[in-house]
Amino acid sequence: MRTLVITNDYPPRPGGIQSFVHSLAIRQPAGSVVLYAPAWRGAADFDARLPYPVVRHPTSLMLPVPSVLRRARQIARAEACTAVLFGAAAPLGLLAAALRSDPGFERFVALTHGHEAGWAQLPGARSLLRRIGAGVDVVTYLGEYTRGRIAGALTPAAAARMVQLPPGVDEGEFRPGAGGAETRDRLGLANRPVVVCVSRLVPRKGQDTLIRSLPEIHRRVPEAAALIVGGGPYRKRLEQMVHDAGLGSDVIFTGSVPWAELPGYFDAGDVFAMPCRTRRGGLDVEGLGLVYLEASATGLPVVAGDSGGAPDAVIDGETGYVVDGRSPAQVAQRIADLLDDPAKARELGRRGRDWIERVWRWDFIADRLHGLLRGPG
């Protein structure tokens, strides 16, 4: 079996879906993967280190149009692919119906994330999801929240074929002692309690709520600092908020950081917080939140927003807390409780690490995908 992975989301472009697809692909059996993804800055160097071929589309976005279909067919024939994995069902899963007519293909699997749950709420997009589900053998889902949203948009037969496939965590990379001390020293945070947030800077992720919570946190933990890791279109707005609140010495923005350095930034924190919130009437929603799991693997207690499937990535009260992502007061209380009680924070972090090792290891998840691509029998 050889699988053609067709995906808009792939490193070195940063993001949770990109990490998800890459981590699945790289753990498939040797020689079993060929990948088709958009162009991106730094892709040539990244691709050269991979153990499988990557074909880059000429532009940075792929849509289910004839030119993409034609190139996918060419790659599949040249590489003798018998299975197709869509890194995100929407929109590229619409290619499945046309590819099914080609001889040689035996299996089609489409991954879903948070945005497909949003699509399921819109009449036009909902009908497209229905077509995607009818064209593939399996639609995966992250957790019960996204399953419930997406299944209602599919045919009953397609909904019955849904299989859970959440992201996993590389517990060898994301671990206590992954370089946090050096990162703290470099950023001038060596002696400060640190709440770290690693995510793309967009409104849904809740970095603004984290900033608004800092003055209340400072009443209990005066030296607390926020380390905000990641880039995105919301950065200027966030920086203005920090300036207006007089928090310039208490918030550090790193911008986007190299993939290999991310574990060290997680490890630089004492608490991880991403108080995400659902926006646009449920269209902009968190599918799960891989960063919460990576933080748990690093031994950090987690403070998660209550958007969509984010609570599935936390055992509330055991590995961290779920809060109202629109409430700076709730966010401040949970973060301050943890920073003010290091022993409790360490215990929640230890439980989180144990949970990752039991349930969320990538080898478990990758083996499950391999079985889906092979099909029954």
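Where is the place of Ala 366? I found Ala 366 in helix 16, residues 362–374. Before going on, I noted that this is a predicted model, where local features need pLDDT of at least 70, side-chain atom pairs count only at pLDDT 80 or more, and totals for chains, interfaces and linings use all residues. Residues are numbered from 1 along each chain as its sequence is written, and side-chain values use heavy atoms, with hydrogens and water left out. Helices (H or I, at least four residues) and strands (E, at least two) are DSSP runs, numbered from the N terminus.

**Entry: Ala 366**

I looked up the accessibility: Ala 366 counts as buried because its relative accessibility is 2%. My cut-offs are under 20% relative accessible area for buried, over 50% for exposed and partly exposed in between, with a 1.4 Å probe and protein chains only. Skipping neighbours within four places in sequence, I get Leu 24, Arg 27 and Gln 28 in contact with Ala 366. Contact here means heavy atoms within 4.5 Å. I also checked Pro 167, which is 199 residues away from Ala 366 along the chain; their C-alpha atoms are separated by 9.2 Å.

**Entry: helix 1**

How many residues of helix 1 are buried? I get eight of its 10, so I wrote helix 1 down as mostly covered. The buried set is Gln 18, Ser 19, Phe 20, Val 21, His 22, Ser 23, Leu 24 and Ala 25. What they pack against is strand 1, strand 2 (33–37), helix 2 (43–48), helix 13 and helix 16.

**Entry: helix 13 against helix 15**

Two packed helices are described by the angle between their axes and the distance between the axes. For helix 13 (residues 290–297) and helix 15 (residues 342–359), I read an angle of about 110°, with the axes 7 Å apart. The axes are lines fitted to C-alpha atoms, for helices over the stretch in contact, and angles run from 0 to 180 degrees between N-to-C directions. Helix 13 and helix 15 are therefore roughly perpendicular.

On the helix 13 side I listed Leu 293, Ser 296 and Ala 297, which meet Gly 349, Gly 352, Arg 353, Trp 355 and Ile 356 of helix 15. By class, the residues of this contact of helix 13 with helix 15 are four nonpolar, three polar and one charged. Ala, Val, Leu, Ile, Met, Phe, Trp, Tyr, Cys and Pro count as nonpolar, Asp, Glu, Lys and Arg as charged, and the others, Gly among them, as polar.

**Entry: helix 10 against helix 11**

How far apart are the axes of helix 10 and helix 11? I get 10 Å, at an angle of about 5°. Helix 10 and helix 11 are therefore roughly parallel to each other. Gln 207, Asp 208, Ile 211 and Arg 212 of helix 10 make the contact with Arg 237, Leu 238, Met 241 and Val 242 of helix 11. I count these from the class list as four nonpolar, one polar and three charged.

Staying on helix 11 (residues 235–244), I found Leu 238, Met 241 and Val 242 buried. They sit on the same side of helix 11, because they cover an arc of only 100° around the axis. That arc is taken from the directions from the helix axis to the C-beta atoms. Lys 236, His 243 and Asp 244 are exposed on the other side of helix 11. The cover over the buried residues includes helix 10 (207–220) and strand 10 (251–255).

Most residues other than glycine have a negative phi, and most peptide bonds are trans. I flagged Ala 80, with a positive phi near 55°. Ala 80 lies in the loop between helix 3 (66–79) and strand 4, and it counts as exposed at 53% relative accessibility. Arg 280 also went on the list, with a positive phi near 55°. The loop between strand 11 (271–274) and helix 13 holds Arg 280, which is exposed with a relative accessible area of 61%.

Which peptide bond ending at Pro 12 is cis? I logged the one from Pro 11, with omega near 10°. Ala 90 to Pro 91 is cis as well, with omega near 5°, and Pro 91 lies in the loop between strand 4 (83–86) and helix 4 (96–99).

Key: Parallel < 35°, antiparallel > 145°, perpendicular 65-115°, else oblique.
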